[in-house]
Every structure is written in C-alpha cells, then in structure tokens.
Amino acid sequence: MTATSRSNIARLVGAAWLLAALMNWPGTVNAASQQFLKTEPPCAGGPDKECITFDGQSPSVLTVRSIKLDQQGPGTGLVLIHGSGHCENGTAGLHVADFDTQIQQAGEAAPSHNGPGGERVGLVLQSSLLGNNDVFAFNLSALRLFRLKSGEAQRYLYRMALNRMDDGVFCKLYNVTLSVLFDPD
Amino acid sequence: MKKWAKGFCPLLLLFGSMPAGLLPPAFADPILKSQAPCNKGTPDVCQLFTSAGAPSFVVRSIGFRAPSAGSALVLFQGTLYCAHNLNGREAIDIDTQIVDVETAVAARDQPGGARYLFKLQPGNTSATVSTNASRVFTGQAAGLHDYYFAVNRTTIDPGITCYFYNDSLTVAFVPK
C-alpha cells in the first residue's frame, strides 16, 4: 500500500468517525461521556414574583416544575430542587395548610412525603388579628438520585399533593428551580 | 512486525490523521470545595441582624479557582432563627440569593433566589426556617471565582432579632 492511499484511507475513516460523533453514535465522544450540570430559569410569573399560588380550591395534585434530560448513556442523575414559600391565614380562627412535595419522574403516582425526594409542610396558622394575617415561611430544598439506562431520555418533575388546605388559607412558592447533575457510569 | 502491533496501525492512522480537538478527551474529575461552618458570634451564630443594620448584606462567601472552563453547582446550607418579645404581631420579609458579585442585591426571582416571609406571634415568640439553596453557574472560565450568599431584607419590624446559623457554601465544579 502506498503512502498516498494510506493517507486517503485515514482521511476517510477520520471523516466517518467525525460523522458518527456528530450523530451521537455509541462508542463516539458525546456529552454523555462526562459529567455535566443542567438547570432551568427561576419560575417567577406572579404579581409578587412568586412561581405559584395555591389554596383549597386548587387541584389536589399539582406539577410545579419539570426539567428534561436528553438521551444519555447509562448513569446516575442527582436532581435538586431549590426554592421557598409561605402560607398565610387571613381569616379568624386557627387554619391548616398541609401538603406533600416530591421530586419525581414522569409516570409516578401522586407525590408523597414518604417517597424518595419527598417532604411534608404542615402548618397551623393563627387567627388574623385586625387585618394582620398570620404567615409562616418554609424551605423547599430537596434532592433525589435516579438511575438512567443507556439511551434513555427522562423528564423530572417537582410535584405537590394537597392534603388539607382550609378556607381562607393560601400559599405561595418562590423560585422553584430544578437542577440535574448527571454522572455517567 | 508482530500481529498485535499490526492491529494498532489503523488506530494510529485514524487518530493520527485527526485534529487534536477531535480526539477523545481525557475528562477531568469534578472538584468539590467546602468551608467550615461560620460560628463567629456570641452565642455561636454566624450573623445577627435587626432593623438597625444595612438592608442588603452578605452572610458568607467562598472563593474557588477553576482549573479549566466548566460549570459550578453552588450549594448553601444554614438556618435562620428570629425572635421578639413584644405585644404585637411582627413581620420579617427577606430575599436571599446565591450570587457571584459581592454588591449584588438578593432577589427572590433570580437564579438561586428565595423569599422568607413570616410573622411572629405576640409575646415572647420565635420562628425558624432552613435557608438551604442551590444555583448552577454555567460557562465559568478557568480562574478564580467568588460566590456569595446575599440577603436583602425588605421588612423587619423593630424589636425583632434574627440569627443565621452555620451558613456554609459548597462548590461542585464540573469541568467542560
């Protein structure tokens, strides 16, 4: 084989390898071969720059945020939720706000504080005093690990299940941002 | 030439013919950096504030030297405790945010931001909330980066004293 034909073959194989890499074929270099971080912008569309307001009239299960992880190689995704909130009672008498939150993937049952990445917020709010409402703040930080199979895309959700929301009580959530740290096998 | 050596020839030709940027890279491991808890006060609080202080301030900061371009996941860990002993119901309303500019004013609607609004009952009462937070900084260049946990209080009624406890920042850096 001459030097020229060897060089041509090398160029041909190199071009094929580059094409395969661009098409994300297995065995080629792509984003899934290393760790990476993905996040989303904060959620702040409300008049008070809140992400969401809910009360006793809201649906019993709410999907607050979601983030999609494109097709990856096999590995582990650490999903984090960041945010805060408060509940307020503007009426006379003690009133309750009680809800579960959970980081989930698409297709899971209703969120639960007993599940991985789950939490519970339970508040008994005092009576309003001459228009001075009772308010209590809470933090939403949580994390959960997920396994990803080879070539699997996944959507992660931050969901809530309202256990009890008394009349006159409403809650607001702020920022509520999901982030994912992907770690390939 | 031995048989096994002949087998490497096509690989040598393949990678030898490609620009260096297209070669499979040797990926660097992620780097973690944290700091000791902040217990500088008496009692052992990290930071105390009342209505008398500046409305915008930094609770903690951490410096991190990135060895290459990449992304940083910055985590904040701590709690906030507020108390008073007055006959009225009093309010605290603060925004917090993980920022990379020391003078930035914390905003609840910006990345790594949050809001904590609560009211203390009349009498000798108090309330506690976790202030844990996280933020991803993408497109970080190689070199030194400083990250801060900033607070902006929009309301703190007179008579209330608030305390930040522990307050540690951690950086998980993922090279590009």
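Across all chains, the structure contains 4 disulfides, a disulfide being defined as a pair of cysteine sulfur atoms within 2.5 Å. The model is a predicted one, in which local features require a pLDDT of at least 70 and side-chain atom pairs count only at pLDDT 80 or more, whereas totals for chains, interfaces and linings use all residues. Residues are numbered from 1 along each chain as its sequence is written, chains are lettered from A and ligands numbered from 1 in the order in which they are written, and side-chain values use heavy atoms, with hydrogens and water left out.

For chain B, numbering the bonded cysteines in sequence order gives the pairing 1-2, 3-4. B:C38 is joined to B:C46 by a disulfide with an S to S distance of 2.1 Å, and the torsion about its S-S bond is about 90 degrees, so the disulfide of B:C38 and B:C46 is right-handed. Both B:C38 and B:C46 are buried. A disulfide also joins B:C82 to B:C162, with an S to S distance of 2.1 Å; the torsion about the S-S bond is about 110 degrees, so the link of B:C82 and B:C162 is right-handed. This pair links distant parts of the chain, with B:C82 in strand β4 (residues 70-86) of chain B and B:C162 in strand β10 (residues 161-175) of chain B, 80 residues apart. B:C82 counts as buried at 0% relative accessibility, and B:C162 counts as buried at 0% as well.

Aromatic contacts were examined next. A pair of aromatic rings is described by the distance of the centres and the angle of the planes. Rings of Phe, Tyr and Trp (its six-membered ring) are taken to pair if their centres lie within 6.5 Å, with planes under 30 degrees apart counted as stacked, over 60 as edge-to-face and the rest as tilted. On this basis the structure holds 12 aromatic pairs over all chains. The rings of B:F49 and B:F164 have centres 5.6 Å apart and planes at 25 degrees, so the pair is stacked. B:F49 lies in strand β2 (residues 47-49) of chain B and B:F164 in strand β10 of chain B, 115 residues apart, and the pair thus links distant parts of the chain. B:F49 counts as buried at 5% relative accessibility, and B:F164 is buried with a relative accessible area of 0%. B:F164 also forms an edge-to-face pair with B:F149, at 6.4 Å centre to centre and with 80 degrees between the planes. B:F149 lies in strand β9 of chain B and B:F164 in strand β10 of chain B, so this pair ties together parts that are 15 residues apart in sequence. Both B:F149 and B:F164 are buried. Ring pairs link B:F49, B:F57, B:F76, B:F149 and B:F164 into a cluster.

Strand β9 of chain B (residues 143-156) is mostly covered, with 10 of its 14 residues buried. Strand β3 (residues 56-66) of chain B runs antiparallel to β9(B) and is joined to β9(B) by 10 bridges, two strands being regarded as paired if DSSP finds at least two bridges between them; within this pairing, B:S56 stands opposite B:N152. Strand β5 (residues 90-99) of chain B also pairs with β9(B) in the antiparallel sense, over 8 bridges. In β9(B), B:I156 stands opposite B:I92, and B:V151 is the bridge partner of B:T96. An open sheet of 4 strands in chain B has the order β3-β9-β5-β6, with antiparallel pairing. Its edge strands are β3 and β6 (113-120) of chain B, each of which pairs on one side only. The twist averages 15 degrees from one strand to the next, with axes taken as lines fitted to C-alpha atoms (for helices over the stretch in contact) and angles running from 0 to 180 degrees between N-to-C directions.

Terms used. Buried means under 20% relative accessible area, exposed over 50%, partly exposed in between (1.4 Å probe, protein chains only). Helices (H or I, at least four residues) and strands (E, at least two) are DSSP runs, numbered from the N terminus.
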